[in-house]
Amino acid sequence: MPFEIDGSFKNISLNVLMNQAKIARWNRVKIKISSPNFYLSGTAKNNINFNKNLKGSVPINGSIFFASTEEERFGAALLSLLVDKLPELSSISNSVSFLVTNFSNIPSSVHGTLIINEGLISTQDMLIENNQGRASLTATLNIETDIINGKINFYEDDETYLEATLKGNIKNPQILVGGKIIAEENSDTPRDIKKLFEEGINSLVDKLLRAND
């Protein structure tokens, strides 16, 4: 049974939807979205193939809020102070300070288009903006597996300042930032910047200081 749906919605909490669907529970990021004119089509005869047959286009306008703690902001400031003593900290200090200063605890707007086709939700033009900074997101989410793959570019003065790879289960994806300075034990393996915040920036500072005693 084929169907077509077009319409609009306003101020839907993505956090509530993800939680009710038992897909993910996000505590650090709050997202609300609206769409002035979305369109969906597909067939409802076979539930097994429902996602694969679903197609659509959903223009998105909304808001996003990244929460950070006082401890994390203190850790970012401490890293900046340590750069003179440990110049090798410059890269990670600049990255952490940039994210905390430009995107944490600051309401940001988000706008772009979601394309739904053959079991995938993708975007090529999602922008995140506020008075302090701007970032772009390109990503693909598999509806069946909840696996996301994407890239986030953070800009400064219209040039890419920081690149991050987004991958893993949508419930708890990794946000990987490459480079030996950010990687652990001087390896080339990218460091999960989200995990760095979760473990605590101060714990990283302590580890680095012990390694350089």
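Asp146 comes out as partly exposed because its relative accessibility is 22%, where partly exposed is the band between buried (under 20% relative accessible area) and exposed (over 50%), with a 1.4 Å probe and protein chains only. The model behind this value is a predicted one, in which local features need pLDDT of at least 70 and side-chain atom pairs count only at pLDDT 80 or more, while totals for chains, interfaces and linings use all residues. Residues are numbered from 1 along each chain as its sequence is written, and side-chain values use heavy atoms, with hydrogens and water left out.

Asp146 sits in the loop between strand 6 and strand 7, strands here being DSSP runs of E with at least two residues and helices DSSP runs of H or I with at least four, both numbered from the N terminus. Though not a glycine, Asp146 has a positive phi of about 65°. For background, most residues other than glycine have a negative phi. The hairpin that holds Asp146 has four residues between strand 6 and strand 7. Gly168 belongs to strand 8 and is partly exposed, at a relative accessible area of 25%. Setting aside neighbours within four places in sequence, Gly168 is in contact (heavy atoms within 4.5 Å) with Asp146, Ile147 and Ile148.

Asp157 is another non-glycine residue with a positive phi, this one near 55°. Asp157 is in the loop between strand 7 and strand 8, and it counts as exposed because its relative accessibility is 70%.

Now for the strands around these loops. The protein has six helices and ten strands. Strand 5 (residues 120-129) pairs with strand 6 (residues 134-142) in the antiparallel sense, over eight bridges; pairing requires that DSSP finds at least two bridges between the strands.

The largest one has 29 residues, and the members that touch the most others are Leu40, Val58, Ala135, Leu137, Ile148, Ile152 and Phe154. Elements giving two or more residues to this core include strand 2 (29-43), strand 3 (55-66), helix 4 (90-103) and strand 8 (159-169).

Beyond residues up to four places away in sequence, Phe154 touches Phe98, Leu99, Phe103, Arg134, Ala135, Glu159, Thr160, Tyr161, Leu162 and Ala164. Phe154 also takes part in a cluster of ring pairs with Phe98, Phe103 and Tyr161.

In total, the structure has six aromatic pairs, counted when rings of Phe, Tyr and Trp (its six-membered ring) have centres within 6.5 Å, with planes under 30 degrees apart called stacked, over 60 edge-to-face and the rest tilted. Phe3 and Phe50 are a stacked pair because their planes are at 20°, with ring centres 6.0 Å apart. Since Phe3 lies in strand 1 (residues 2-13) and Phe50 in helix 2 (residues 50-53), the pair ties together parts that are 47 residues apart in sequence. Phe50 is partly exposed, at 30% relative accessibility. Elsewhere, Arg134 lies over the face of Tyr155, 4.4 Å from the ring centre; the criterion is NZ of Lys or CZ of Arg within 6 Å of the ring centre and within 35 degrees of the ring normal.

Pro36 is a residue of strand 2. Its C-alpha is 7.8 Å from that of Lys10, 26 residues away in sequence. Without counting residues up to four places away in sequence, Pro36 touches Gly7, Ser8, Pro59 and Asn61.

As for whole-chain totals, buried residues account for 36% of the 213 residues. Of the contacts between residues at least 6 apart in sequence, 49% join residues at least 24 apart. The accessible surface is about 12600 Å², with 52% belonging to carbon and sulfur atoms, by the Shrake-Rupley method with a 1.4 Å probe, where only the protein chains shown count as cover for residues.

How values were computed
Core = buried A, V, L, I, M, F, W, Y, C linked by side-chain atoms within 4.5 Å.
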